[in-house]
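Please read this briefing alongside the sequence and the 3D structure. The points are grouped by topic.

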Amino acid sequence: MNYNVSQLLKEPTGSEREFDIDEGGFGDPEYTVDYASGSVTMVRTHHGVWVQGQLTVRVAQDCSRCLTDFSQILELELDEEYFPEVDVRTGRRELPPDDWEGLYIGADHMLDLGEATRQSALAVLPLKPLCKPDCVGICDRCGVDQNHSTCDCYAMEIDPRWAALQSLIIEPGT
């Protein structure tokens, strides 16, 4: 998701470009965005380039109940300003504002949307992702995936001292 913005940086403040995004497989190895689609608008600001956009991304996840891999679809909004590291006309290194801790346009004048997309996706990921809303999970004793098979771990003989509590168990379908 790299875009050459050298021409945009030469234009007056307020100039803009629109791009459609349809890309896959970017991000760091621990967190991968499988696919991204949508559109972004890049606007020349007095310091750099402001990027606004709407993206739909597919992210690889692990279910928090059954631990299987699945893909999650997320809707993201990008709203970031990028500052150039190098002046496009003179080649001189540029200093960002004192309080800036954001994103940069590389010395080759390439604007990379990958990091902004990754950060936006991390902000909207669910804390406990589920492969499906009714995921049963795994058995806490034997580890079998109860979405696909059942086990007899809890069908064992109950200790007679606890037998009185058996009446409190509500059986499914009753």
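Histidine 109 sits in the loop between strands E6 and E7 (110-112); helices (H or I, at least four residues) and strands (E, at least two) are DSSP runs, numbered from the N terminus. This is a predicted model, in which local features need pLDDT of at least 70, side-chain atom pairs count only at pLDDT 80 or more, and totals for chains, interfaces and linings use all residues. Residues are numbered from 1 along each chain as its sequence is written, and side-chain values use heavy atoms, with hydrogens and water left out.

**Two residues with positive phi**

- Most residues other than glycine have a negative phi.
- Histidine 109 has a positive phi of about 65°, although it is not a glycine.
- With a relative accessible area of 14%, histidine 109 is buried; buried means under 20% relative accessible area, exposed over 50%, and partly exposed in between (1.4 Å probe, protein chains only).
- Beyond its neighbours within four places in sequence, histidine 109 is in contact with Tyr3, Asn4, Val5, Ser6, Leu9, Val86, Asp87 and Val88, where contact means heavy atoms within 4.5 Å.
- Leucine 67 also has a positive phi of about 65° and is not a glycine.
- The place of leucine 67 is the loop between E4 and E5, and its relative accessible area of 57% makes it exposed.

**The nonpolar core**

- In soluble globular proteins, nonpolar side chains tend to be buried together.
- Here the largest nonpolar core has 27 residues; such a core is a set of buried Ala, Val, Leu, Ile, Met, Phe, Trp, Tyr and Cys residues joined through side-chain atoms within 4.5 Å.
- Two or more residues of this core come from each of helix H1 (6-10), strand E3 (33-44), strand E4 (49-62), strand E5 (69-84), strand E6 (103-105) and helix H2.
- E4 gives the most to this core, namely five residues.
- Met42, Leu111 and Leu113 are the residues with the most contacts inside the core.
- Leaving aside neighbours within four places in sequence, leucine 111 is in contact with Met1, Asn2, Tyr3, Val5, Met42, Val49, Val51, Tyr82 and Ile105.

**The aromatic pair**

- How many aromatic pairs are there? The count comes to one aromatic pair, under the rule that rings of Phe, Tyr and Trp (its six-membered ring) pair if their centres lie within 6.5 Å, with planes under 30 degrees apart counted as stacked, over 60 as edge-to-face and the rest as tilted.
- Tyrosine 3 and phenylalanine 19 form this pair, which is tilted, at 4.7 Å centre to centre and 45° between the planes.
- Tyrosine 3 lies in strand E1 (residues 2-4) and phenylalanine 19 in strand E2 (residues 16-26), so the pair ties together parts that are 16 residues apart in sequence.
- Tyrosine 3 is buried at 10% relative accessible area, whereas phenylalanine 19 is partly exposed at 24%.

**Salt bridges**

- Side chains of opposite charge can pair when their charged atoms come close.
- The whole structure has three salt bridges, each a side-chain nitrogen of Lys or Arg within 4 Å of a carboxyl oxygen of Asp or Glu.
- Arginine 17 pairs with glutamate 11, with 2.4 Å between the closest N and O atoms. Arginine 17 is partly exposed at 27%, and glutamate 11 is partly exposed at 21%.
- Glutamate 115 pairs with arginine 118 at 2.8 Å between the closest N and O atoms. These two residues are separated by about one helical turn because they are three residues apart in helix H2. Glutamate 115 is partly exposed at 29%, while arginine 118 is buried at 18%.
- Aspartate 159 pairs with arginine 161, the closest N and O atoms being 2.5 Å apart. Aspartate 159 is partly exposed at 28%, while arginine 161 is exposed at 70%.

**A nonpolar surface patch**

- Ile158, Trp162, Leu165 and Leu168 form a nonpolar patch on the surface, with about 440 Å² of accessible area together.
- Patches are made of residues with over 30% relative accessible area and no salt bridge, with like charges joined within 9 Å and nonpolar side chains (Val, Leu, Ile, Met, Phe, Trp, Tyr) within 5 Å.
- Accessible areas come from the Shrake-Rupley method with a 1.4 Å probe, and for residues only the protein chains shown count as cover.
- Leucine 168, in the segment after helix H2 (114-124), is exposed at 62% relative accessibility.
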